[in-house]
Amino acid sequence: MGMMQGLQETMAASKAEQERMQADLTGSQARTDELHRANEELRRGWRDVDEPETATPPREFSMPFSQAILETTIPNTFTGPKVTFTGIEDPEAHLTAFHTQMMLVGDSDAGRCKLFMSTLTRMAMDWFVSLPEGHIMFFTQLSQLFREQYLANRAPPPVSHDLFDVKQY
(Lines give C-alpha, C1' and ligand atoms only; values in the text may rest on other atoms or scores of the structure.)
Protein backbone atom coordinates (compact mmCIF):
# COMPACT_ATOMS: atom_id res chain seq x y z
CA MET A 1 0.00 0.00 0.00
CA GLY A 2 2.89 2.34 0.82
CA MET A 3 4.36 1.71 -2.59
CA MET A 4 1.09 2.67 -4.27
CA GLN A 5 0.88 5.88 -2.31
CA GLY A 6 4.52 6.74 -3.27
CA LEU A 7 3.72 6.18 -6.94
CA GLN A 8 0.64 8.42 -6.69
CA GLU A 9 2.69 11.18 -5.07
CA THR A 10 5.38 10.86 -7.76
CA MET A 11 2.70 11.05 -10.46
CA ALA A 12 1.14 14.12 -8.82
CA ALA A 13 4.56 15.81 -8.61
CA SER A 14 5.27 14.89 -12.22
CA LYS A 15 1.90 16.28 -13.32
CA ALA A 16 2.56 19.54 -11.43
CA GLU A 17 6.00 19.80 -13.08
CA GLN A 18 4.45 19.15 -16.48
CA GLU A 19 1.83 21.90 -15.88
CA ARG A 20 4.57 24.33 -14.83
CA MET A 21 6.59 23.52 -17.95
CA GLN A 22 3.47 24.01 -20.11
CA ALA A 23 2.89 27.44 -18.52
CA ASP A 24 6.54 28.37 -19.19
CA LEU A 25 6.19 27.24 -22.80
CA THR A 26 3.03 29.30 -23.27
CA GLY A 27 4.75 32.37 -21.80
CA SER A 28 7.78 31.82 -24.01
CA GLN A 29 5.59 31.54 -27.10
CA ALA A 30 3.82 34.79 -26.16
CA ARG A 31 7.19 36.59 -25.82
CA THR A 32 8.34 35.15 -29.15
CA ASP A 33 5.17 36.36 -30.86
CA GLU A 34 5.67 39.81 -29.33
CA LEU A 35 9.27 39.93 -30.58
CA HIS A 36 8.15 38.88 -34.06
CA ARG A 37 5.60 41.70 -34.13
CA ALA A 38 8.17 44.26 -32.97
CA ASN A 39 10.68 42.98 -35.53
CA GLU A 40 8.11 43.27 -38.31
CA GLU A 41 7.29 46.84 -37.26
CA LEU A 42 10.98 47.71 -37.41
CA ARG A 43 11.28 46.16 -40.87
CA ARG A 44 8.29 48.13 -42.11
CA GLY A 45 9.79 51.32 -40.66
CA TRP A 46 13.14 50.56 -42.29
CA ARG A 47 11.52 50.10 -45.69
CA ASP A 48 9.77 53.45 -45.32
CA VAL A 49 13.06 55.31 -44.78
CA ASP A 50 13.97 57.40 -47.79
CA GLU A 51 17.37 55.94 -48.77
CA PRO A 52 18.89 58.85 -50.77
CA GLU A 53 18.56 61.30 -47.86
CA THR A 54 20.20 59.01 -45.29
CA ALA A 55 23.06 57.78 -47.48
CA THR A 56 26.22 59.84 -47.08
CA PRO A 57 28.04 60.64 -50.31
CA PRO A 58 31.67 59.58 -50.62
CA ARG A 59 34.18 62.09 -49.31
CA GLU A 60 35.66 64.20 -52.08
CA PHE A 61 39.29 65.21 -51.91
CA SER A 62 41.84 66.79 -54.18
CA MET A 63 44.55 64.72 -55.81
CA PRO A 64 48.11 65.74 -54.99
CA PHE A 65 49.31 64.44 -58.38
CA SER A 66 50.22 66.62 -61.34
CA GLN A 67 47.98 66.54 -64.39
CA ALA A 68 50.46 64.34 -66.28
CA ILE A 69 50.30 61.67 -63.56
CA LEU A 70 46.51 61.87 -63.40
CA GLU A 71 46.25 61.33 -67.16
CA THR A 72 48.43 58.19 -67.06
CA THR A 73 46.40 55.00 -67.38
CA ILE A 74 47.18 51.71 -65.70
CA PRO A 75 46.48 48.64 -67.88
CA ASN A 76 43.46 46.58 -66.84
CA THR A 77 45.58 43.43 -66.83
CA PHE A 78 47.95 44.88 -64.24
CA THR A 79 47.56 43.62 -60.70
CA GLY A 80 48.57 46.17 -58.10
CA PRO A 81 51.16 45.68 -55.38
CA LYS A 82 50.22 43.41 -52.49
CA VAL A 83 51.83 45.52 -49.75
CA THR A 84 49.92 47.98 -47.56
CA PHE A 85 51.02 50.78 -45.28
CA THR A 86 48.80 52.02 -42.45
CA GLY A 87 51.13 54.66 -41.02
CA ILE A 88 52.77 52.67 -38.22
CA GLU A 89 55.19 50.51 -40.22
CA ASP A 90 58.77 51.27 -41.25
CA PRO A 91 58.57 53.48 -44.38
CA GLU A 92 61.87 52.16 -45.77
CA ALA A 93 60.65 48.57 -45.53
CA HIS A 94 57.44 49.56 -47.30
CA LEU A 95 59.28 51.38 -50.09
CA THR A 96 61.64 48.41 -50.53
CA ALA A 97 58.73 45.97 -50.80
CA PHE A 98 56.94 48.30 -53.21
CA HIS A 99 60.03 48.73 -55.43
CA THR A 100 60.59 44.98 -55.47
CA GLN A 101 57.06 44.29 -56.65
CA MET A 102 57.21 47.08 -59.22
CA MET A 103 60.48 45.70 -60.63
CA LEU A 104 58.74 42.41 -61.32
CA VAL A 105 55.97 44.03 -63.37
CA GLY A 106 57.65 47.24 -64.51
CA ASP A 107 55.84 50.51 -64.94
CA SER A 108 56.38 54.20 -65.65
CA ASP A 109 57.17 56.83 -63.05
CA ALA A 110 53.59 58.11 -63.20
CA GLY A 111 52.29 54.56 -62.88
CA ARG A 112 54.42 54.05 -59.78
CA CYS A 113 52.89 57.16 -58.23
CA LYS A 114 49.36 55.95 -58.84
CA LEU A 115 50.09 52.42 -57.69
CA PHE A 116 51.92 53.62 -54.57
CA MET A 117 48.77 55.50 -53.59
CA SER A 118 46.86 52.20 -53.67
CA THR A 119 49.15 50.75 -50.97
CA LEU A 120 48.22 53.43 -48.42
CA THR A 121 45.46 52.89 -45.86
CA ARG A 122 44.15 54.55 -42.70
CA MET A 123 46.43 57.33 -41.38
CA ALA A 124 48.74 57.08 -44.38
CA MET A 125 45.85 57.67 -46.79
CA ASP A 126 44.69 60.63 -44.69
CA TRP A 127 48.21 62.09 -44.94
CA PHE A 128 48.29 61.52 -48.69
CA VAL A 129 44.98 63.25 -49.43
CA SER A 130 46.03 66.19 -47.26
CA LEU A 131 48.91 67.02 -49.64
CA PRO A 132 48.33 70.10 -51.84
CA GLU A 133 46.60 69.54 -55.16
CA GLY A 134 48.98 69.05 -58.10
CA HIS A 135 52.03 69.01 -55.78
CA ILE A 136 53.58 65.67 -56.80
CA MET A 137 55.39 65.54 -60.16
CA PHE A 138 57.62 62.44 -59.83
CA PHE A 139 57.82 59.24 -57.82
CA THR A 140 61.13 60.30 -56.26
CA GLN A 141 59.37 63.37 -54.87
CA LEU A 142 56.50 61.25 -53.50
CA SER A 143 58.86 58.74 -51.90
CA GLN A 144 60.89 61.58 -50.31
CA LEU A 145 57.74 63.15 -48.85
CA PHE A 146 56.69 59.72 -47.62
CA ARG A 147 60.05 59.12 -45.93
CA GLU A 148 59.96 62.54 -44.26
CA GLN A 149 56.41 62.04 -43.00
CA TYR A 150 57.10 58.64 -41.44
CA LEU A 151 60.72 59.18 -40.41
CA ALA A 152 59.87 58.44 -36.76
CA ASN A 153 58.70 54.93 -37.72
CA ARG A 154 62.07 53.89 -39.15
CA ALA A 155 63.81 50.99 -37.46
CA PRO A 156 66.87 52.21 -35.55
CA PRO A 157 70.20 51.22 -37.11
CA PRO A 158 72.18 48.55 -35.26
CA VAL A 159 74.78 49.91 -32.87
CA SER A 160 78.13 48.19 -32.28
CA HIS A 161 77.60 47.87 -28.54
CA ASP A 162 74.49 45.78 -29.28
CA LEU A 163 76.88 43.03 -30.36
CA PHE A 164 78.23 42.76 -26.80
CA ASP A 165 74.86 41.33 -25.71
CA VAL A 166 75.00 38.53 -28.31
CA LYS A 167 75.87 35.14 -26.80
CA GLN A 168 76.30 31.81 -28.49
CA TYR A 169 74.58 28.88 -26.84
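R147 is partly exposed, with a relative accessible area of 27%. The model described here is predicted. R147 forms a salt bridge with E92, and the closest N and O atoms of the pair are 2.6 Å apart. Because E92 belongs to helix α4 (residues 91-105) and R147 to helix α7, the pair ties together parts that are 55 residues apart in sequence. E92 also counts as partly exposed, at 23% relative accessibility.

**Salt bridges**

The structure holds 3 salt bridges. Besides the pair E92 and R147, there is a network of salt bridges that links E17, R20 and D24. E17 and R20 both lie in helix α1 (residues 2-48), 3 residues apart, about one turn of the helix. R20 and D24 are likewise both in helix α1, 4 residues apart, again about one turn. E17 is partly exposed at 34% relative accessibility, R20 is partly exposed at 42%, and D24 is partly exposed at 44%.

| Salt bridge | N to O distance |
|---|---|
| E17 and R20 | 2.4 Å |
| R20 and D24 | 2.9 Å |
| E92 and R147 | 2.6 Å |

Helix α7 covers residues 139-149, and its buried residues are F139, L142, S143, L145 and F146. Seen down the axis of α7, these buried residues fall within an arc of 160°, so they line one face of the helix. The face turned away from that buried side carries the exposed residues T140 and E148.

Two packed helices are described by the angle between their axes and the distance between the axes. For helix α5 (residues 109-117) and α7, the axes come within 8 Å and cross at roughly 35°. On the α5 side the contact involves D109, R112, C113 and F116, which meet F139, T140, L142 and F146 in α7. By class, this contact of α5 with α7 has 5 nonpolar, 1 polar and 2 charged residues.

T119 lies in the loop between α5 and α6 (122-129). Is T119 buried or exposed? T119 is buried, with a relative accessible area of 0%. The side chain of T119 makes a polar contact with the side chain of H94, at 3.0 Å. Leaving aside neighbours within four places in sequence, T119 is in contact with P81, V83, T84, F85, H94 and F98.

Key: Residues numbered from 1 in each chain as written. Predicted model: local features only at pLDDT ≥ 70, side-chain atom pairs only at ≥ 80, totals over all residues. Heavy atoms only, no water. Buried < 20%, exposed > 50% of the residue type's maximum accessible area, 1.4 Å probe, protein only. Helix = DSSP H or I, 4+ residues; strand = E, 2+ residues; numbered from the N terminus. Arc of directions from axis to C-beta. Axes fitted to C-alpha atoms, helices over the stretch in contact; angles between N-to-C directions. Contact = heavy atoms within 4.5 Å. Nonpolar A, V, L, I, M, F, W, Y, C, P; charged D, E, K, R; others polar. Polar contact = N/O pair within 3.5 Å; in protein donor to acceptor, adjacent residues only side chain to side chain. Salt bridge = Lys/Arg side-chain N within 4 Å of Asp/Glu carboxyl O.
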